[in-house]
Amino acid sequence: MATEQGWVTEHLHVEGRSVHLRRSVGGSGVPVVHIHGFAISGAYLMPTARVLAGRRVNVVPDLPGYGRSERRDRVLDIPALAAALLGILDALDIDQAVLVGNSMGCPVGLEVAHEAPERVDRLVLVSPAGGVQNQPLPRALGQLALDVVRESTRMLPVALPDYLRFGPVDGLRLFHELTLFPSLERLLHTPVPTLAVLGGRDPLMPTPSRVREVARLAPEHVTVALIEQAAHAVNFSHPEALAQAIEAWLDGGLGADGDRLPVGVRMVHTPRGPV
């Protein structure tokens, strides 16, 4: 059914359960599939998806148990969410996709890339949460609370119903699992061309020195960029800058000599060889 001009809402059957998604109409090339964060639906990813939909088909699913998708008997861990995402790609007959994850969506995207690299054309990790910078759990909760006050107030009516629907107990359990996932370290071994986009005001990110260290150790097919004024939910707060950075990177021009960067975007690491 139609939801807004250029977009349709669909319900698929994946692993025997209903999965809700939004899909843009038109565009060509490899589709872009957006992966949301923990305890929230894909609704807050729509600002960036709408900008990217001018050239490519964009798909914004609610992973099983989130948003309008049917709940499972248990909260799915990251490997199970990655398997479910592959099931969504299968149901849509998408052989290969550009995956754009935010927060928990980054570990899910990394898991898919490691388990089925042939299904991932490119991988975009926006605010990849998880790892030692989010441990122990009380520290991570403090970081999350600080991020809440740094995000746009426009996100509250989008996110709050999702969080309430998901439930605080399940949310806390999943957030704890997320803090244990070594996102930045796993990034160093990504088997596919990868763009990591960090927010300069994101309290869940590691220190600038740690980011530079990871960027220095990253393989040639990894690019790291910073959107200086963004907090954690970059896809919602800075859709134009993020979409422009993604498009430039997909076109092979982000950070290349002589290229102008999107406004507010700074390179942390540029690949030394062809992507």
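## Close-up views of a predicted model

Figure 1. When neighbours within four places in sequence are set aside, S18 is in contact with H11, L12, H13, S69 and E70. This view, like those that follow, is drawn from a predicted model.

**Figure 2. The stacked ring pair of Y66 and F166.** Three aromatic pairs are counted in the structure. In the pair shown, the ring centres of Y66 and F166 are 4.8 Å apart and the planes meet at 25°; the pair is classed as stacked because its planes are under 30 degrees apart. Y66 is located in the loop between β5 (58-61) and α2 (78-91), whereas F166 is in helix α5 (residues 156-166), so that the pair links distant parts of the chain, 100 residues apart. Both partners are buried: Y66 has a relative accessibility of 2%, and F166 has a relative accessible area of 5%.

**Figure 3. Further contacts of aromatic rings.** F38, Y163 and F175 form a cluster linked by ring pairs. At another ring, that of W249, the charged end of R122 sits over the ring at 5.1 Å from its centre.

**Figure 4. The largest nonpolar core and the contacts of L99.** The largest nonpolar core comprises 55 residues, of which V33, L85, I88, L99 and L123 touch the most other members. Helix α2 makes the greatest contribution to this core, giving eight residues. L99 touches V33, I35, L85, G109, V112, V120, R122, L123 and V124, with residues up to four places away in sequence not counted. Another core, of 22 residues, lies apart from the largest one and includes V32, I227, V234 and V265. In soluble globular proteins, nonpolar side chains tend to be buried together.

**Figure 5. The salt bridge between D251 and R55.** Eleven salt bridges are present in the structure. The side chains of D251 and R55 meet in one of them, at 3.0 Å from N to O. D251 lies in the loop between α10 (239-250) and β10 (265-269), and R55 in the loop between α1 (46-52) and β5, so the pair ties together parts that are 196 residues apart in sequence. D251 is partly exposed at 49% relative accessibility, and R55 is likewise partly exposed, at 42%. E247 joins R55 and D251 in a network of salt bridges.

**Figure 6. The salt bridge between R119 and D90.** The side chains of R119 and D90 meet at 2.9 Å, N to O. The pair links distant parts of the chain, 29 residues apart: R119 is in the loop between α3 (105-115) and β7 (120-126), and D90 is in helix α2. R119 counts as buried at 15% relative accessibility, whereas D90, at 46%, is partly exposed.

Figure 7. D162 forms a salt bridge with R165, in which the closest N and O atoms are 3.0 Å apart. Both residues lie in helix α5, with a separation of three residues, about one turn of the helix. D162 is buried, with a relative accessible area of 8%, while R165 is partly exposed at 44%.

Methods
Residues numbered from 1 in each chain as written. Predicted model: local features only at pLDDT ≥ 70, side-chain atom pairs only at ≥ 80, totals over all residues. Heavy atoms only, no water. Phe/Tyr/Trp six-rings, centres within 6.5 Å; stacked < 30°, edge-to-face > 60°. Helix = DSSP H or I, 4+ residues; strand = E, 2+ residues; numbered from the N terminus. Buried < 20%, exposed > 50% of the residue type's maximum accessible area, 1.4 Å probe, protein only. Lys NZ or Arg CZ within 6 Å of the ring centre and 35° of its normal. Core = buried A, V, L, I, M, F, W, Y, C linked by side-chain atoms within 4.5 Å. Contact = heavy atoms within 4.5 Å. Salt bridge = Lys/Arg side-chain N within 4 Å of Asp/Glu carboxyl O.
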